[in-house]
Amino acid sequence: CGPLKIISAAEFSMIESINQQARMESVSVIRPSSRLPSFDALLYSTMGLLTLLIGSWVPDERLNFSGIPFDLLIMIFAAIIATTGSIRLVTLQSVALVQAPLLLLGLSLFWSTDPDDGLEKFTTLMVSGNLAFILLNTVIERHGLPQLAKLIIAYLGLLLLVAIPYKIAFGFFDRSVNFFINGPIIFARLMSIAALLALYFMRGRARKYTVICFCLAIIWTESKGPILAMIITLVVIALFYASPAARKKFYWYLGAFIFSLILLANYFGLTNSDFGRLGSLYMVATGDISVIEQYSGTTSFIARMEMWGKTVELIPNEPFGVGLGAWDRAVDTRVPTPYAHNLFLELWSEGGVLLGSIAALPFLIFFKSPRRVFWFVTFCLFLAQMVSGDIADARFLMVFSLLSYFSPQVRDDATTTSSDNPLLDKNTELVAAR
């Protein structure tokens with residue numbers, strides 16, 4: 001221990017004033033509010049999530065009522081809010097940081113043989129992703145991360161409640177029927193987001209039942225990619241992040257999810273043709289590929305193996321890429337599909353090794369902040385994007401990757417004690433960002 005340094009009363013007063021201001025700023029951003037969400041928080045979070053859900057600027061006939069394209073109107077309104085509101089400079093700098101590598105990827109449109117499809121995917125990612133990040137990050141800056149997380153849980157819970165009667169009316173186990181707005185894969189990812197946020201920000205029985213409902217909704221979609229991504233994420237949390245006091249309780253969530261999956265796969269998956277995908281998922285896990293083909297012919301699992309193999313062969317033959325949107329014209333597969341069902345293979349095959357690698361940076365930046373709350377959500381989305389979806393669908397991964405990296409961290413005492421929270425241990429650096 002070195003010699004003590006004597007400071008004057010004026011210096012002490014100045015240091016104390018700086019520390020007090022820092023504490024006030026930290027609390028205002030980090031600590032959850034007990035009040036009802038303000039109109040400002042509701043507006044920005046609602047428009048941010050709707051922008052993510054809708055995605056494309058191209059009007060969708062499902063959201064066209066009496067000739068009015070509500071999806072286009074929502075996107076325009078979100079753009080007005082995001083560009084005219086008092087957005088912090090750091091948010092705009094974050095967006096600019098993302099724009100550069102993705103704009104370079106857009107150069108591949110010049111040599112694409114299907115530039116129309118490529119442009120639609122590119123604008124969906126850029127416009128929807130950046131608008132959603134600006135709006136959602138503004139909620140964090142003004143009202144705190146817990147406020148945004150709880151609003152996301154509430155909105156996605158409402159989406160689930162609306163999707164249930166909609167699917168009952170038009171086909172409960174029919175995957176060709178959308179889950180109200182989105183298809184099964186996107187809906188499963190949304191339910192994964194809600195389940196992981198509920199696991200952290202909710203308490204007691206409310207947390208248990210909410211997480212169970214969202215996890216059952218994931219299984220309901222029969223989307224194998226999001227299901228496996230959720231299982232792997234839960235395992236990673238249990239092994240590396242769960243506090244010792246809460247680890248046994250956390251294993252209950254993981255066990256209940258896997259048990260429900262196995263039960264439904266064995267019973268419904270082999271007896272109900274509409275639910276047959278769960279049966280094939282169970283057989284993939286047990287390695288019984290021959291039985292899979294008896295039930296479903298060429299499965300999505302086998303089709304993906306073919307897509308990935310041919311894409312890997314394409315990349316060295318097209319070092320500059322075939323251009324955004326042109327993957328399906330360069331790769332011939334038994335099951336026709338417009339994209340490679342793997343984000344990075346799609347980036348490298350369409351944008352080339354150089355541009356594709358640079359464009360991957362915004363999707364990987366969350367790995368720099370492995371101890372933040374949104375990291376768990378982003379990791380699950382990252383795993384799901386490895387086996388399904390295209391560049392446009394990757395807007396969810398990009399937004400939460402940016403939120404994970406740029407948003408403030410959450411202090412332990414701002415939410416709960418480590419014994420009550422399965423995502424906290426003494427080594428998890430969930431402390432306020434300085």
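This is a predicted model: local features need pLDDT of at least 70, side-chain atom pairs count only at pLDDT 80 or more; totals for chains, interfaces and linings use all residues.
Local features are taken only where pLDDT is at least 70 and side-chain atom pairs only at pLDDT 80 or more, while totals for chains, interfaces and linings use all residues. Residues are numbered from 1 along each chain as its sequence is written, and side-chain values use heavy atoms, with hydrogens and water left out.

The secondary structure of the protein consists of 18 helices and 2 strands. The protein has 434 residues, and 52% of them count as buried. Buried means a relative accessible area under 20%, exposed means over 50%, and partly exposed lies in between, with a 1.4 Å probe and protein chains only. The accessible surface of the protein is about 20000 Å², and carbon and sulfur atoms account for 66% of that area. Such areas come from the Shrake-Rupley method with a 1.4 Å probe, and for residues only the protein chains shown count as cover. Of the contacts between residues at least 6 apart in sequence, 74% join residues at least 24 apart; a contact means heavy atoms within 4.5 Å.

Axes are lines fitted to C-alpha atoms, for helices over the stretch in contact, and angles run from 0 to 180 degrees between N-to-C directions. The crossing of helix 2 and helix 6 is right-handed. A crossing has that hand if the near helix is turned clockwise from the far one by less than a right angle, and is left-handed if anticlockwise. On the helix 2 side the contact is made by Ala41, Leu42, Ser45, Thr46 and Leu49, and on the helix 6 side by Gln147, Leu148, Leu151, Ile152 and Tyr155. By class, this contact has 7 nonpolar, 3 polar and no charged residues. Here Ala, Val, Leu, Ile, Met, Phe, Trp, Tyr, Cys and Pro count as nonpolar, Asp, Glu, Lys and Arg as charged, and the others, Gly among them, as polar.

Leu52, Leu53 and Ile54 of helix 2 meet Arg395, Phe396, Val399 and Phe400 of helix 18. This contact has 6 nonpolar, no polar and 1 charged residues.

Helix 6 packs with helix 8 as well, at about 45° and with an axis separation of 11 Å. The two helices are therefore oblique to each other, and the crossing of helix 6 and helix 8 is left-handed. Helix 6 contributes Ile153, Leu156, Gly157, Leu160, Ala163, Ile164 and Lys167, and helix 8 contributes Cys213, Phe214, Ala217 and Trp220. These residues divide into 9 nonpolar, 1 polar and 1 charged. Also in helix 6 is Ala149, which is buried at 0% relative accessibility. Leaving aside neighbours within four places in sequence, Ala149 is in contact with Leu197 and Phe201.

Most residues other than glycine have a negative phi. Glu222, in the loop between helix 8 (204–220) and helix 9 (224–240), has a positive phi near 60° and is buried at 1% relative accessible area. His341 has a positive phi of about 60° and lies in the loop between helix 14 (327–330) and helix 15 (343–359). His341 is buried, with a relative accessible area of 9%.

Ser388 is buried at 2% relative accessibility and touches Ile185, Arg189, Arg304 and His341, not counting residues up to four places away in sequence.

How values were computed:
Helices (H or I, at least four residues) and strands (E, at least two) are DSSP runs, numbered from the N terminus. Angles under 35 degrees count as roughly parallel, over 145 as roughly antiparallel, 65 to 115 as roughly perpendicular and the rest as oblique.
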